[in-house]
Amino acid sequence: MAFQKAVKGTILVGGGALATVLGLSQFAHYRRKQVNLAFVEAADCVSEPVNREPPSREAQILTLKNTSEFDVLVIGGGATGSGCALDAVTRGLKAALVERDDFSSGTSSRSTKLIHGGVRYLQKAIMKLDIEQYRMVKEALHERANLLEIAPHLSAPLPIMLPIYKWWQLPYYWVGIKLYDLVAGSNCLKSSYVLSKSRALEHFPMLQKDKLVGAIVYYDGQHNDARMNLAIALTAARYGAATANYMEVVSLLKKTDPQTGKERVSGARCKDVLTGEEFDVRAKCVINATGPFTDIVRKMDDKDAAAICQPSAGVHIVMPGYYSPESMGLLDPATSDGRVIFFLPWQKMTIAGTTDTPTDVTHHPIPSEEDINFILNEVRNYLSCDVEVRRGDVLAAWSGIRPLVTDPKSADTQSISRNHVVDISESGLITIAGGKWTTYRSMAEDTVNAAVKTHNLKAGPSKTVGLFLQGGKDWSPTLYIRLVQDYGLESEVAQHLAATYGDKAFEVAKMASVTGKRWPIVGVRLVSEFPYIEAEVKYGIKEYACTAVDMISRRTRLAFLNVQAAEEALPRIVELMGRELSWGDSKKKEELETAKKFLYYEMGYKSRSEQLTDHSEISLLPSDIDRYKKRFHKFDADQKGFITTVDVQRVLESISVQMDENTLHEILNEVDLNKNGQVELNEFLQLMSAVQKGRVSGSRLAILMKTAEENLDRRVPIPVDRSCGGL
């Protein structure tokens, strides 16, 4: 038996020397990875993957078509469904996985990005003496440790601060957090601790300081959720599971059991969403792991099945990184309406969320302006008044549907289970529902256990504890240095590749284009402010990316980080994908339009753009209106009442600034509300009013005109009368 040895280690290398080699930020990351991490043991050794690389999508579809019967067919490519496929195939079962959209296209890519046991669940377990919630926390803490071990490139411990504003809360929360450490036991990442007011402000300088008593810091995990989900699916494919995205289940297949005379589920009729082709996939057991769409599949099996899913929408927003420290999160345990809000650094940005409101099940959830403003108001309550929390600083927003469930076997059908539920229908359909991201592996284990027992499948115990996910096995904190040295990548790009692909980062680097510059030698960026490079588009296709939306939202995370940057990168992404996938002009246009629609509705671009419309109110003081009119007329020298690119170009040339015409068109188009090719005075005043109110930030035209005005004002004539006229 090969076991991963349980270790609770400390760094033995001299810290100063290591910090010098890695750089301070990378050293801090290395410390978080190493100090006091408890490693879990694998249940048993598993054979090596059958494939060095996951087979192509075309090869997987052929396998689905040509296999006479699978042991297990999993419907749903989220974290739990992918986990079920991996658990089944590593037990030696013949497994298949189909997903109607892309892997992680639903809830699994729209989480708070935390790997956590659930501090608030522990509080409820203690207050209500609820043993079920206690067990859920205990299980989640074990799974947290496992996930940090098997995907070290995609996850890391994160300290989270709980600010205290009343003296009596200090001992109350301290006891609760210490119990959280105690329940974790050997899986405790690092002990929680108390900070004085001054120390709390040192760690989190933008915190509201009035009435602050101190703070408590505890540790949970954080990860790149969509990439983690993809790593699970890719690992399942490498071990031999036939996995295919964009494969929709149209109906369930059934056959009569000769022994009982009852109908049993025996597979599914599947449709390739990309080609329209339909075919049957037969299996001894079918697992329904479709999250919010649980009841749709259950009703395919039994049209009279009672609904068990109670969907809830959780909205998150992304703000610039300067809103939070680089390596410290914040927890607001009691918002104005009793909900919990996290405020976390992620991918050099800041995530705030989540809300919890009832919603309808949809494939395209949209974040509402009401939820965005609720989160912003809560953030304002915790940040210093020196920090202006602006609506215009929301760079992206998304809504994920949380699939809460009622246990169909429970006497009290109204009670929502916070744990997962494994349900077996009369026809043998296995449904796994509820639960949380962190416990995907144990949910999968329980589900496959139920499948093995119910359908008499020949399989041993689960082997996924300690089983490395794709990219994790040979990852190390210093791997990025080799990428810089061997391939000539920028350090920031190399760190990103190592943290996204793990030991597969070298394959991406091999695909990187030469820049033609002295440095970096290779690695052309998709957009200047993010470390994503063009080679990732080519590699993303190997990872089953089929659409431009797959690329901007899940293979890279551009759409989740900055919708405008994602839109800027889209034309090049579509061009590269079109070249690799032989798209014609009409297909490229369709992909571009679909991706822009996705950004506009699902990633918050609509809410962002509505902050400035032709119906926007002008709310300015008379003195401000006069000031902005003077600024406008410095560009509108002919007093036309509007400005064009020609007017802006003229002013820029007078202060020796060069800007190409296409860029100027883009800048004016952001403010040209009626799209007539010019910016009227009223549109400019609407812009400045929105900027003042914080509804719009980072307006290129507003900043450009302000800077140009300041440069013009500084150009005062030099008097020459006392120097004899300059002779």
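On a 1 Å grid over the protein atoms alone, a cavity is a set of points where a 1.4 Å probe fits but cannot get out, and its lining residues have an atom within 4 Å of a point. Grid points are joined across faces, edges and corners, and a volume is the space filled by probe spheres set on the points.

Before we go looking, some housekeeping. What you have here is a predicted model, so local features need pLDDT of at least 70 and side-chain atom pairs count only at pLDDT 80 or more, while totals for chains, interfaces and linings use all residues. Residues are numbered from 1 along each chain as its sequence is written, and side-chain values use heavy atoms, with hydrogens and water left out.

Searching the whole structure turns up 5 cavities of 30 Å³ or more. Helices and strands here are DSSP runs (H or I, at least four residues, for helices; E, at least two, for strands), numbered from the N terminus. Helix H9 (225–238) and helix H14 (491–501) each give at least two residues to this lining, with H9 supplying the largest share, 4 residues. Sorted by class, the lining of the largest cavity has 6 nonpolar, 4 polar and 3 charged residues. For that tally, Ala, Val, Leu, Ile, Met, Phe, Trp, Tyr, Cys and Pro are nonpolar, Asp, Glu, Lys and Arg are charged, and the others, Gly among them, are polar.

Now for the second largest cavity, at about 70 Å³. Leu330, Leu331, Asp332, Ile341, Phe342, Phe343, Glu378, Val379 and Tyr382 line it. Two or more of its lining residues come from each of strand E12 (329–332), strand E13 (341–346) and helix H11 (369–382). Here the classes come out as 7 nonpolar, no polar and 2 charged residues.

Strand E13 leads us on to its partner, E14. Strands pair if DSSP finds at least two bridges between them; E13 and E14 run antiparallel and are joined by 5 bridges. Proline 345 sits opposite threonine 350 in E14. The hairpin these two strands form has 2 residues between them, and glutamine 347 takes a positive phi near 55° there. E14 also runs antiparallel to strand E11 (residues 309–319), with 4 bridges joining the two, and histidine 316 stands opposite glycine 353 in E14.

How much of E14 (residues 349–353) is buried? Strand E14 has 5 of its 5 residues buried, meaning under 20% relative accessible area with a 1.4 Å probe and protein chains only (exposed is over 50%, partly exposed in between). In a regular strand, side chains alternate between the two faces of the sheet. In E14, Met349, Ile351 and Gly353 point one way and Thr350 and Ala352 the other, and all are buried.

Aspartate 181, in helix H7 (residues 169–184), counts as buried because its relative accessibility is 12%. Leaving out neighbours within four places in sequence, aspartate 181 is in contact (heavy atoms within 4.5 Å) with Cys188, Lys190, Ser191 and Ser192. Alanine 708, in helix H26 (residues 700–714), is buried too, at a relative accessible area of 1%. Not counting residues up to four places away in sequence, alanine 708 touches Phe635, Val651 and Ile655. The C-alpha atoms of alanine 708 and arginine 631 are separated by 9.2 Å, with the two residues 77 apart along the chain.

Definitions and conventions
1 Å grid on protein atoms, 1.4 Å probe; cavity = no way out; pocket = protein on both sides within 12 Å on 5 of 7 lines; lining within 4 Å.
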